[in-house]
Amino acid sequence: MDQHLASIRDEVFRRNPGEAEFHQAVTEVFESLEAVSRKRPEYAEAAILQRMCEPERQIIFRVPWMDDAGRVQINRGFRVEFNSALGPYKGGLRFHPSVYLGIIKFLGFEQIFKNSLTGMPIGGGKGGSDFDPRGKSDAEVMRFCQSFMTELYRHIGEYTDVPAGDIGVGGREIGYLFGQYKRITNRYESGVLTGKGMGWGGSLVRPEATGYGAVLFTQEMLKTRGASFDGQRVVVSGSGNVAINAIHKAQTFGARVVAASDSTGYIVDEAGIDVDLLRQIKEVERGRISDYAERRGSKVSYVAGGNVWDVDATVALPCATQNELDDVAAKRLIEAGVLAVAEGANMPCTTEATALFQEAGVLFGPGKAANAGGVATSALEMQQNASRDSWSFEHTERRLSEIMVGIHDRCAATADEYGMPGNYVAGANIAGFVKVADAMMAQGLI
Ligand SMILES: NC(=O)C1=CN([C@@H]2O[C@H](COP(=O)(O)OP(=O)(O)OC[C@H]3O[C@@H](n4cnc5c(N)ncnc54)[C@H](O)[C@@H]3O)[C@@H](O)[C@H]2O)C=CC1
Ligand SMILES: O=C(O)CCC(=O)C(=O)O
C-alpha cells in the first residue's frame, strides 16, 4: 500500500482503538486500492476513503430483559449505519457473546462493498448484540427481541435501514423483531426487515441464498480452470444457515461433502453428509454437531474441540465465523491439494491465510463476493414487498444465480482491468469501492 493509503489507514486505527477486526477489514480493502488511487486522483481530493471509513451513524443502546427465573438481564445493542450512498442501510443482526463495536464495524464496512457488488440499490450497515441465544428458551429470546426492537424501531424503516439475520438471528428472531416493530409503529411495513417467514412477506430462497450463492460463485471460479463441483471432496466449516445450504447445493452439483463443524468440534462422514439429518439436528432441535455422529453411528467420526481444516479437501468453504482459518490451516490445505476456497462466512480467513492461498494459485473467493447471495436475495425480498408480490422458488433462484454469475464476472473483469488477473480479492474490493465512491462524488459532501 502506498504512503497516502497507509496514512489514512493509520488515522483510522488511531480513531478506532482496540477494534482489531475493523482494522483488519479496512486494511484488506486498502491493500487493493493503490491502482485505483493512481487512476482516480479525484477520490483523494474528495477524501472519499476517509469518509467511507467513518460510519454515517453508530447507535449503541441498553437492552434490558427478564429471564424465565424473573431475573433482570442487561445486554448491549448496536446498529452501525455505515453508508447510504447506494440505498437504505442493509445488513444483518448478529446475536453472539463475542459481539462488540469492532465486530459490528468490520461487518458493516464489508457490507458496503458487498452490497455494491450485488448491483442492487442497497447501502451498508450491520447490527447486533452480545446476547447469547444458546440455551435460552423461546420465551426468553422473544422478550430479548422485543426489548431490542423497542429501541431499534426508531432508527430503521423500509427507506432508511433494513436489518436481517446473521449469526444467532434466524427466522424465529426475525419473527419476534417484526412483531414488535409492527406493534410499536402500528404499520405493516413488510420491507423493514428481511428473512421473514414465507406466509408473512418473506421470500422463497432467502433462507438458502447465502449458502447456495457461495456454491454458485465457486462453481464459476472452478469453470475458469475447466473444473466443476462434480466429484470434488468438500469440507465446510460451521453447521448453521450458510453451512447447511452450501452443503446442500454442493451435493446437488455432484460434490461429496465430508466434514462440517460447530464451536464444539467437527464431524467427518466419508459417505457424504446427510444434510436432512444435519438440518433436523441444527435447525429444528438446536442441537450439537456431536448429535449427528451419535445418530449416524460408527461410520462417522466426531473430533471434540478439533479444527475442521485438518480434514483434506479439494474445495474448502469456511462458513462459520471470522478468522477461523489461519495460516497453519491454509498451509495444510495447500499441501493437501486444495483447488478452491470460497468464504461463505464474513472474513473467515486471516490475512495471512488469504495471502498463502493467493500465492499458491488457489482459486480464492472473498466473502464480499462469495457470500453476497444472501443480501442480494434480501433485496429481492424488498422488491417483492414493495410490489406486494411473491415469486416462485424457480424464478427467485434464477435471479440469484444470475446475480452470482454477474458478481463473479465483475470481480474477474475488474481484476483484469487493474492488471491483477485471477485476483478476486482485488476485483471485489475495487469494483465494490468504485461504485460507492462514484455515488458519493455525485451526491456532494455527505
Ligand atoms: N445468514 C446469512 O444470510 C449470511 C451470513 N453470513 C456469514 O456467515 C457466517 C455464518 O452465519 P450463519 O450461518 O447465518 O449463522 P448461524 O448462527 O446460522 O451459524 C453459525 C455457525 O457457525 C458456528 N460457529 C460459530 N462460532 C464458531 C467457532 N468459533 N468455531 C466453529 N464454528 C463456529 C456455529 O456453531 C454455527 O454452526 C457468519 O460469518 C455470517 O456473518 C454472510 C452472509 C449472509
Ligand atoms: O440479508 C441481509 O440483509 C444480511 C446479510 C448479511 O448480514 C451479510 O451479508 O453478511
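Just after helix α18, Gly 444 takes a positive phi of about 80°. Helices (H or I, at least four residues) and strands (E, at least two) are DSSP runs, numbered from the N terminus. Helix α18 itself covers residues 424–442. Its 19 residues should span 27 Å at 1.5 Å a residue, and this agrees with the 27 Å between its end C-alpha atoms; the expected span is 1.5 Å times one less than the number of residues.

The structure is a predicted model, in which local features need pLDDT of at least 70 and side-chain atom pairs count only at pLDDT 80 or more, whereas totals for chains, interfaces and linings use all residues. Residues are numbered from 1 along each chain as its sequence is written, with chains lettered from A and ligands numbered from 1 in the order in which they are written. The average pLDDT of the protein is 97, and 100% of the residues score at least 70; pLDDT is the predictor's confidence in each residue, from 0 to 100. The ipTM of the model is 0.98 and the pTM is 0.97.

The domain assignment gives domain 1 (3–188) and domain 2 (208–361), with bounds taken from an automatic or database domain assignment. The C-alpha centres of the two domains lie 26 Å apart. Nine residues from domain 1 and seven residues from domain 2 form the contact, where two residues are in contact if their C-beta atoms, placed from the backbone, lie within 7 Å. On the side of domain 1 that touches domain 2, the elements giving two or more residues are α2 (20–30) and α6 (101–118). The largest share of this side, four residues, comes from α2. By class, this side of domain 1 has four nonpolar, two polar and three charged residues. Here Ala, Val, Leu, Ile, Met, Phe, Trp, Tyr, Cys and Pro count as nonpolar, Asp, Glu, Lys and Arg as charged, and the others, Gly among them, as polar.

Ligand 1 is surrounded by 23 residues, of which the closest are Gly 240, Asp 262, Ala 320, Ala 345 and Gly 374; a residue is near a molecule if its C-beta atom, placed from the backbone, lies within 6 Å of it. Two or more residues of this shell come from each of α10 (241–252) and β7 (256–262), and α10 gives the most, with three residues. The shell around ligand 1 contains six nonpolar, 14 polar and three charged residues. Domain 1 and domain 2 each supply at least three residues to the shell around ligand 1.

The residues around ligand 2 include Lys 90, Lys 114, Asp 166, Asn 346 and Gly 374. To this shell, β3 (89–95) and α16 (373–386) each give two or more residues. The shell around ligand 2 has two nonpolar, seven polar and three charged residues.
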